[in-house]
Amino acid sequence: MTTLYLIRHGETDANKQLILQGNVETNLTELNDYGRKLTTSAAARFSTLSFAQCLVSPLKRAQETAHLLFDHSDCPIKVDNRLAEINYGIWNGQSIPELMKKYPQYWRRTTSDVCGHYEQVSNGESIDNVDQRVSAFLNSLHDIYGNQYIAIVTHGYIIQTILRVLQYPHIQTIKNLQTIEVQLNSQFLLSSKNTVTTLEI
C-alpha cells in the first residue's frame, strides 16, 4: 500500500486575517515569521519517517513549507501543479467572513469551504474541475509510489478534496501544518486514519 501524509502549509498573514488566498501570490500569502518558526520546529517530527518523495503545490507558501521540512533529509521534493490551491476567481484576496455573510448558499459552514456552483458569482475554478485534477493526481500515485511513504504539502481546500474523493469524512478545520495520514491501494482507499499532529514550539 502507499501511505500518504497530507500536510497543510505553514501559517501566512492571510491565514491570520481570514483572507481567502486561492492561487494568488502576494506578501500576505507567504509564510510569516511564526509560520516559518513552527515549520522549522516541525521538521524533526518528519525526519523519523522514510519518505520516498515529497510532492508539493507550485505555490510559494507550500514550497517554502516543503523545503523547511525536508531540505535537511534525503527526501526529494517535486512540484506537482495538480496540488495548487483552488482558484477562487475574483474572491481571491477577499475576507472569508464577509463572503460567507454575502453568499451563504455557496459556503459549507462546517469546513468554511466553497460549495455548489460558487464559480457562477466568483468566476473561479469549478469544484468539478478541482475534483478531476485531484482524482488524476491520486490515480497516478500507486503505480509510481507503491508501498512507500509520500509527503504531500498542499492547501486546505485540496486536502479536503482529497478526503472527499477518497470518501473519507470532512475534517471540520484543517490547521496549518496539520498532518493527515491515508493509506491507498490500487482501488484508492484501503484504510485511513486522521493522524492530526499538534505542533508546539
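A disulfide is a pair of cysteine sulfur atoms within 2.5 Å. By that test, a search of the whole structure turns up zero disulfides. This is a predicted model, in which local features need pLDDT of at least 70 and side-chain atom pairs count only at pLDDT 80 or more, while totals for chains, interfaces and linings use all residues. Residues are numbered from 1 along each chain as its sequence is written, and side-chain values use heavy atoms, with hydrogens and water left out.

**The two cysteines**

Let us begin with Cys54 and Cys75. The sulfur of Cys54 has its closest cysteine sulfur in Cys75, 5.3 Å away, which is too far for a bond. Cys54 is buried, with a relative accessible area of 0%; here buried means under 20% relative accessible area, exposed over 50%, and partly exposed in between (1.4 Å probe, protein chains only). Cys75 also counts as buried, at 9% relative accessibility.

**Helices H6 and H7**

Helices (H or I, at least four residues) and strands (E, at least two) are DSSP runs, numbered from the N terminus. Helix H6 (residues 127-145) packs against helix H7 (residues 156-165) at an angle of about 70°, and their axes are 10 Å apart. Axes are lines fitted to C-alpha atoms, for helices over the stretch in contact, and angles run from 0 to 180 degrees between N-to-C directions. H6 and H7 are therefore roughly perpendicular to each other, a label for angles of 65 to 115 degrees (under 35 is roughly parallel, over 145 roughly antiparallel, and the rest oblique).

On the H6 side the contact (heavy atoms within 4.5 Å) includes Ile127, Val130 and Leu138, and on the H7 side Tyr157, Ile158 and Ile162 are among the residues involved. The residues of this contact divide into eight nonpolar, two polar and three charged. In this scheme Ala, Val, Leu, Ile, Met, Phe, Trp, Tyr, Cys and Pro are nonpolar, Asp, Glu, Lys and Arg are charged, and the others, Gly among them, are polar.

H7 is mostly covered, with nine of its 10 residues buried; Gly156, Gln160 and Leu163 are among them.

**The nonpolar cores**

A nonpolar core is a set of buried Ala, Val, Leu, Ile, Met, Phe, Trp, Tyr and Cys residues joined through side-chain atoms within 4.5 Å. The largest one has 38 residues, of which Leu4, Trp91, Trp107, Val114, Leu138 and Leu141 touch the most other members. Elements that each supply at least two residues of this core include strand E1 (2-8), helix H4 (96-102) and H7. H6 gives the largest share, seven residues. Apart from its neighbours within four places in sequence, Val114 is in contact with Ile86, Tyr88, Trp91, Tyr106, Trp107, Arg108, Ile127 and Tyr157. A second, separate core of 16 residues includes Ala42, Phe70, Cys75 and Ala151.

**Loop residues**

| Residue | Loop | Relative accessibility |
|---|---|---|
| Leu18 | between H1 and H2 | 45% |
| Thr26 | between helix H1 (13-16) and helix H2 (33-46) | 38% |
| Ser112 | between strand E4 (107-108) and strand E5 (113-114) | 35% |

Leu18 is not a glycine, yet its phi is positive, at about 55°. Ser112, another residue other than glycine, has a positive phi near 55°. Gln167, which follows H7, has a positive phi near 60°. Finally, Thr26 and Val114 are 88 residues apart in sequence and 21 Å apart in space, C-alpha to C-alpha.
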